[in-house]
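Me: I have a structure open and want to learn how to read it. Can you take me through it feature by feature?

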Amino acid sequence: MDTRRGIAGVDRPALTDLPVLKPVDRRAGAHDPLMVTRWLAGLPAWLPLLLIGGALVWSTVAFAQSDYGYDDATRALWRWVPFLFVSGFLFNILISVLSMSIGTVAGAALGLAQISPNSGIRWLAWTATQMFRNSPWLVILFIVLLAFPFEIVIGDLIISIPDWMKAVFGLSLPIMANISEIVRGAVNSVPTAQWEAAESLSFNRRQILWQIILPQCYKRMLPPWMNWYAILTMATPLCSLLGVEELITLSRQAMEGENNHPELLVPFYTFALVLFFLYCYPIARFTMFLERRYAVKL
């Protein structure tokens, strides 16, 4: 190939009418479109590290010279502790207790429906169980918040439905589905010989279920039931995304009342973490104890 022919359209006539990229004019004063790129590429490799280190040192010195430190943040937390505990954390416990109560009753009914002799009832119960059991809790909460009315009008009576009641109902739905599986699994874990023996003694299905099978299931269902209560309690902060005034929401409001200093984040959220841990950890340990005690011996 003859390399002396030059560039078509620049050193010799163009073969086509298509535009060509002309070579960079390196004469003094000429504009270089890649000047910034070449300048950055020519910087030494240690310079970005030096700039980052300088920024970190500057931010550390500025933070040290700030009038608001972690001591002030801790004192602010202590001022808010009674309010956060009574109006915040105890409200989280109330939400968890109500949700667990509703979910347990509805889940027990749904679990018994899953073992119904009627195939249609079994299919409907299985569908509801799988739908709520395999759906994100936050999505369920948003659907309940948007689907439920803010008030119910019955004649001249107006019944307001607060957001926290919607949160209770929303959290009870996945709990209902998981309790349903616990009930179904506990009933199916009882040996079939006991059903056959009861039938041979002329017990009907209702008598067999309520007098023979379910009394044996209570101890088997208790450990997983307590485990789901601990999980539910730890999930109650999701209600803060719906505007429910529980611990996390009140913590944000308290930090806003203290002028939103960044130093407040660690003490306030650590306090919330400690409260949930101190409440849920004993439940988890007791659940493990019950599981060992009531384990089915094969």
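**Salt bridges and beyond**

Reply: A search of the whole structure turns up three salt bridges. Keep in mind that this is a predicted model.

Me: Which residue forms a salt bridge with Arg79, and how far apart are the closest N and O atoms?

Reply: Look for a side-chain nitrogen of Lys or Arg within 4 Å of a carboxyl oxygen of Asp or Glu. Here the partner of Arg79 is Glu258, with the closest N and O atoms 3.1 Å apart. Arg79 sits in helix H3, and Glu258 sits in the loop between helix H9 (247-257) and helix H10 (265-293), so the pair ties together parts that are 179 residues apart in sequence.

Me: What links Arg133, Glu181 and Arg184?

Reply: A network of salt bridges links these residues. Take Glu181 and Arg133 to begin with: their closest N and O atoms are 3.6 Å apart. That pair links distant parts of the chain, with Glu181 in helix H6 and Arg133 in helix H4 (residues 119-133), 48 residues apart. Now take Arg184, whose side chain meets that of Glu181 in a salt bridge of 3.2 Å, N to O. Both Arg184 and Glu181 lie in helix H6, three residues apart, or about one turn of the helix.

Me: How do Glu181, Arg133 and Arg184 count by relative accessibility?

Reply: Apply the cut-offs again. Glu181 is at 15%, so Glu181 counts as buried. Arg133 is at 37%, so Arg133 counts as partly exposed. Arg184 is at 26%, so Arg184 also counts as partly exposed.

Me: What share of the protein chain do buried residues make up?

Reply: Buried residues come to 32% of the 298 residues in the protein chain.

Me: How many helices and strands does the protein chain have, and how do they run from the N terminus?

Reply: Count the elements, then read them in order. There are ten helices and two strands. From the N terminus on, the order is α-α-α-α-α-β-β-α-α-α-α-α.

Me: Which residues form the nonpolar patch on the surface?

Reply: Ile152, Ile154, Leu157 and Ile159 form this patch, with about 340 Å² of accessible area together. Strand E1 (151-154) and strand E2 (157-160) are the elements that give two or more residues to the nonpolar patch. Leu157 has 47% relative accessibility, so Leu157 counts as partly exposed.

Me: How do I find empty space?

Reply: Rolling a probe the size of a water molecule over the atoms shows where empty space is left. In this model, the largest pocket holds about 170 Å³ of space. The elements that give two or more residues to its lining are helix H3 (70-114), helix H6 (163-189) and helix H8 (205-235).

Me: Which element gives the most to the lining of the largest pocket?

Reply: H8 does, with five residues. The residues that line the largest pocket include Thr104, Ala108, Ile179, Val183, Trp210, Tyr218 and Trp225.

Note on methods: Residues numbered from 1 in each chain as written. Predicted model: local features only at pLDDT ≥ 70, side-chain atom pairs only at ≥ 80, totals over all residues. Heavy atoms only, no water. Patch = residues over 30% accessible without salt bridge, like charges linked within 9 Å, V, L, I, M, F, W, Y side chains within 5 Å. Areas by Shrake-Rupley, 256 points an atom, 1.4 Å probe, with all protein chains shown as cover. Helix = DSSP H or I, 4+ residues; strand = E, 2+ residues; numbered from the N terminus. Buried < 20%, exposed > 50% of the residue type's maximum accessible area, 1.4 Å probe, protein only. 1 Å grid on protein atoms, 1.4 Å probe; cavity = no way out; pocket = protein on both sides within 12 Å on 5 of 7 lines; lining within 4 Å. Points joined across faces, edges and corners; volume = space filled by probe spheres on them.
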